[in-house]
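Student: Got a structure to go through. Can we start with pockets?
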Amino acid sequence: MHLILGAGSPRRKQLIEGIGFTPEIRVKDIVEDFPAGLTKENIAIYLSKHKAAAYVNELNDQDVLITADTIVWCENELLGKPSDRQDAIRMLNKLQGRDHQVYTGVSILSKNSAVDFFDETTVWFKSLSLSEISSYVDHYQPFDKAGAYGAQDCLPQGINPCSDEELSFLKQIGQADLFERSLAIDPSKSIAIIDRISGSYFNVMGLPIVKVWKELQKFIPKS
């Protein structure tokens, strides 16, 4: 199997490699529009399928493509990637002191098979001051992240937010320290925005690795 990751995200590359695959990275400039009326996971799945469609005519017999899209959903509003500093501050101000949902849609396909699925995680933010929000935005520049934050750089120190399923899975595949390797926190600039997470931590990072690993097994040729 020749795995192609249709994404430029270093976080998704790190996670795919962390579960034992060595992907070829192919990046296309794809307009991420979706039909009016879609909500929540339907947006994420639509966008992952939309991204995959741009590669489908390039696939050879041994190729398996994976694409994904992550969105943040709060009070019936989609929070995508912020357009600028003020938009990032607006998003984080909306999220602070409450919960929201993170959806990642994933598409995996070859010349003969295709599967689309999603995962949902609930994230609770601490109550934050405007100064804390501004400091986070100015230091981490989260303009390439849905909801204007990256889970890997705003967790309270000393906690492991992975689900029991993720912890068991990582131990099973010999990658028990993948969470620690994913962290991007500069301790001197740490701002603990997240209070707690229910569900897949890696889904918030951009790829629900347990579901992805299970689905990829179906594409590996049986000897």
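Predicted model: local features only at pLDDT ≥ 70, side-chain atom pairs only at ≥ 80, totals over all residues.
Tutor: The largest pocket holds about 670 Å³ of space. A pocket here is an open set of points on a 1 Å grid over the protein atoms alone, where a 1.4 Å probe fits, with protein on both sides within 12 Å along at least five of seven lines. Volume is the space filled by probe spheres set on the points.

Student: What lines the largest pocket?
Tutor: There are 34 lining residues, with R12, E32, K51, D69 and K81 nearest the centre; lining means an atom within 4 Å of a point. α1 (10-18), α2 (40-53), β3 (63-74) and α7 (201-205) each give two or more residues. Helices are DSSP runs of H or I, at least four residues, and strands are E runs of at least two.

Student: Which element gives the largest share?
Tutor: β3, with five residues.

Student: Switching topic. At what angle do α5 and α8 cross?
Tutor: Roughly 50°, with the axes, lines fitted to C-alpha atoms over the stretch in contact, coming within 9 Å.

Student: Which residues touch?
Tutor: E165, E166, F169 and L170 of α5 meet I209, V210, W213 and K214 of α8, with contact meaning heavy atoms within 4.5 Å.

Student: How many helices and strands in the protein?
Tutor: Eight helices and seven strands. The C-alpha trace spans about 55 × 40 × 25 Å along its principal axes.

Technical notes: Residues numbered from 1 in each chain as written. Heavy atoms only, no water. Axes fitted to C-alpha atoms, helices over the stretch in contact; angles between N-to-C directions.
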